[in-house]
Amino acid sequence: MTNKLSEKSNIIALGFFDGLHTAHMRVLEETVKQAGEEFSPCVMLFDEHPRRVLQGDAVSYLLQNEKRDEMLKNMGITPLYVSFSAIKDMSPEEFTEKILVERFSASGVVCGYNYRFGKNASADSSVLRSLCEKKGISVTVCPEYSVDGSPVSSTRIRTAVENGDMEEVNKLLGFHFCYSSEVFSGDKRGRLLGAPTINQFLPEGLAVPKFGVYASKVFFDGKEYTGVTNIGSRPTFQGESVRSETYIIDYSGDLYGHTVEIKLYKFIREEKKFPDADALKKQIKADVSATEKYFSEKN
């Protein structure tokens, strides 16, 4: 993580960017626009979710930090990390002076219409504007951004993830819901079923999709493959731990110990317990066919 600032003054995006969804991107794109060639575009990021600190809620993330930082880098935006615990009791005036002025040398800030800050979230964007203008800091407030008639929010997307509606999730995110983790050695039952799978644990804290089978894309070694991914606990074999198991179509090889990225595209069916291995084997073939049909129709 870095807090290294450019020699230039900074235009800083304010908010809680836990997913870089389409509404977040409007704020970030405006930050880059406001920065132009004269200033450096930055985004203030918290070390943990405010609700986790304030209420003890185990709020799930929509995007791994590593992926978020990669996306920010590709936009030319510098992340500025802040401990939420260290600022949560600051008054709006303290936050403006100590963080925006003294620590981050802000020439301008950009936020969403519903941005709040200060102890107990006591101040809104109008207060931010009033305080910043006294310090010579410009303030740009982005309006509400809606898709299909409803505002885009992390809560709305989490609900869609929990419902397995990946097409809705991906539309609201603006990219495909994804995760990367190391492949570990499983019980190798997939080989006996004619569909060897890679086993991965979902990253800690990531929103968990509805248990079931998804059409997916698999990325490793700079290549892309089509996959059939099951998220769940493998009830047919009395599984307990939640994991991701992916059959990579038209691939054979050993990926143990490799970090592989999975992108989920469409929910195929719910996870269910089969009476025996033969029934599961038949279903796997049907899942592969459904996945291939889905991607052929998209192309």
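Which strands does helix H8 (residues 166-173) lie across? In this predicted model, H8 sits over strand E12 (212-220) and E15, and runs at about 130° to E15. Those two strands belong to an open sheet of 6 strands, in the order E10-E15-E12-E13-E14-E11, with antiparallel pairing. Strand E10 (178-182) and strand E11 (197-200) are the edge strands here, each pairing on one side only. From one strand to the next, the twist of this sheet averages 35°. At the E10 end, E10 meets strand E15 (residues 259-270) in the antiparallel sense, and the pairing runs over 5 bridges. One of the residues involved is Glu 182, whose bridge partner in E15 is Thr 259.

There is also an open sheet of 5 strands, this one with parallel pairing and the order E3-E2-E1-E4-E7. Strand E3 (78-82) and strand E7 (138-142) stand at its edges with a single partner strand each, so one side of each has no neighbour in the sheet. The twist in this sheet averages 25° from one strand to the next. E2 and E3 pair in the parallel sense, again over 5 bridges, and Phe 46 finds its bridge partner in E3 at Val 82.

H1 lies across strand E1 (10-13), E2, strand E4 (106-112) and E7, and its direction is at about 170° to that of E1. Helix H6 (residues 125-134) touches E4 and E7 as it packs on the sheet, making about 165° with the direction of E7.

Next comes the largest pocket, with a volume of about 1100 Å³. Its lining takes in 43 residues, and those nearest the centre are Gly 15, Phe 16, Asn 114, Tyr 115 and Arg 116. Several elements each supply at least two residues of that lining: helix H1 (22-35), strand E2 (40-46), helix H2 (50-55), helix H4 (84-87), strand E5 (116-117) and helix H7 (154-162).

How far can the coordinates be trusted? The protein averages a pLDDT of 90, and 89% of the residues score at least 70. Residues 1-6 are another story: pLDDT stays under 50 over this stretch, for which the model has 13 contacts beyond four places in sequence. Where pLDDT is low, predicted coordinates should not be read in detail.

Technical notes:
Residues are numbered from 1 along each chain as its sequence is written. This is a predicted model: local features need pLDDT of at least 70, side-chain atom pairs count only at pLDDT 80 or more; totals for chains, interfaces and linings use all residues. Side-chain values use heavy atoms; hydrogens and water are left out. On a 1 Å grid over the protein atoms alone, a cavity is a set of points where a 1.4 Å probe fits but cannot get out, and a pocket is an open set with protein on both sides within 12 Å along at least five of seven lines; lining residues have an atom within 4 Å of a point. Grid points are joined across faces, edges and corners, and a volume is the space filled by probe spheres set on the points. Helices (H or I, at least four residues) and strands (E, at least two) are DSSP runs, numbered from the N terminus. Two strands pair if DSSP finds at least two bridges between them. Axes are lines fitted to C-alpha atoms, for helices over the stretch in contact, and angles run from 0 to 180 degrees between N-to-C directions. Contact means heavy atoms within 4.5 Å. pLDDT is the predictor's confidence in each residue, from 0 to 100.
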